[in-house]
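Welcome! Have a look at the sequence and the model first, and then we can walk through a few of its details together.

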Amino acid sequence: MTRGRDGGVGPAAQQQESTAPLRHRALLAVAVAAIVALSTVLYIGVAPEHGVRARGTAGDGRAPHNPAAPASTGTWVGTWSTSPSGGEPGTETTGMADRSVRNVVHTSVGGTSARVTLSNLYGRSPLSITGASIAVAAGGGTPAAVPDTLRQLTFNGGPAVVIPPGRQVMSDAVRIAVPHDADVLITTYTPAGSGAVTYHRHARQTSYAAQGDHTRDTTGAPYTERSGAWRYLTALDVLSNESEGTVVVLGDSLTDGITSTSGANARWTDVLSARLRSEIAAGRDLPRYSVVNQGISGNQVLADGLGRPADNPSGLNRFGRDVLERTNVKVVVIDLGVNDILRNPRLADPQAILTGLRTMVGQAHARGLKVVGATLMPFHGHRGYTDARESVRQTINAEIRAGRVFDAVADFDRALRDPYDPRRLRPDYDSGDHLHPSDKGYARMAESFDLETLKGSAPAKL
């Protein structure tokens, strides 16, 4: 029997059905009923993109269904995450039908168990996943796994799940030793297309794909297709004894690390995570937090991208999903505003941008979260620079430095500007486009971040 992309019966099957005996029709009706019943079961545990987590996940007070669920104690934290930024071009018709997608992600902290979140936010039909796995990578830049680390992922106790359009699902917890500062492979197999693939475009990390179901492959040999994007996957959580909470960084391309060296984990958030872990190991009294990156290149405080749901949703519109719903978030860092200035065809209103930033701070405070905010870095020499836009940047930075926006300040402007011309980046911190930092510039951002600002909680009143 052939079926259409939406799972319906195709023309060839219709012709066969019209000539089939009644007995065959009865069998077909039974089969269809079984498929509908199975789909109903598989939908259980699916959550909207904005809202509650899937049912049956560990760490939220409910018993996990997975028999390999964690037996040890610890705290659930985010070790890696990313923001879905849109639907992948070229996948609108077939999606990733009959393909295994092996995402490679880099951990912030280690743990004894893991769970993942998968998204179909930009899909146009249900996303069927009939197999998924997690493993520690055999090394950097490879789809091969350490063989004895590969674990099958389950969803409400079963190996398959169907995620409706606009929804996400969290897997059951599975026991696996996840190291910190390591690459982890998370693989999904989709037998049929689901419309546009939900992805994060600028991963700065090579991931892989293969024809057919190779979710349990450890050699990496079938994974001949390479991709610079993360597909479907939006979070990896671990049950950790190393960490007691998560720092969530919301930003644009400066946080996404668009000009950092691919595969080197040289985004400023990567360097910040390593620095925090190193200082704690040296005996410094600091919170034991993981760091996750919710940057989207081109992101703005106020304006969404195109489409419904919008590609590249504004900081305001994604704050609930990408910040407040992260696992065990303790501190929020916001580095947004430059694109509101550069991408506005008219002169941006600094008060509107500041109001947007203060709105996000208020939402974080309502959840008891402390917010550290970054000053906007210089961009003289960039094609979008004008003196009027520079004036808007200076107005916003003055308010941030005066303590009238955030609980604490990361002064990236002061750390990276050229002392001989404060309107531009220092040459060795400049990637060459006069807007984005070099690897050295990203490292300087992390080094200038005052780790003491991670202490404490939100004030009663800003």
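To sort residues, Ala, Val, Leu, Ile, Met, Phe, Trp, Tyr, Cys and Pro count as nonpolar, Asp, Glu, Lys and Arg as charged, and the others, Gly among them, as polar. The model is predicted, so local features need pLDDT of at least 70 and side-chain atom pairs 80 or more, while totals for chains, interfaces and linings use all residues. Residues are numbered from 1 along each chain as its sequence is written, and side-chain values use heavy atoms, without hydrogens or water.

The lining of the second largest cavity divides into one nonpolar, four polar and four charged residues. Among them are E49, P84, Q168 and R321. A cavity here is a set of points on a 1 Å grid over the protein atoms alone where a 1.4 Å probe fits but cannot get out, and lining residues have an atom within 4 Å of a point.

## Helix α10

In helix α10 (residues 439–448), the buried residues are G441, Y442, A443, M445 and A446; buried means under 20% relative accessible area, exposed over 50%, and partly exposed in between (1.4 Å probe, protein chains only). Helices (H or I, at least four residues) and strands (E, at least two) are DSSP runs, numbered from the N terminus.

## Backbone details

Most residues other than glycine have a negative phi, and most peptide bonds are trans. D98 has a positive phi of about 55° and is partly exposed, at 31% relative accessible area. Y232 has a phi near 65° and is buried, at 1%. The peptide bond from R308 to P309 is cis.

How values were computed:
On a 1 Å grid over the protein atoms alone, a cavity is a set of points where a 1.4 Å probe fits but cannot get out, and a pocket is an open set with protein on both sides within 12 Å along at least five of seven lines; lining residues have an atom within 4 Å of a point.
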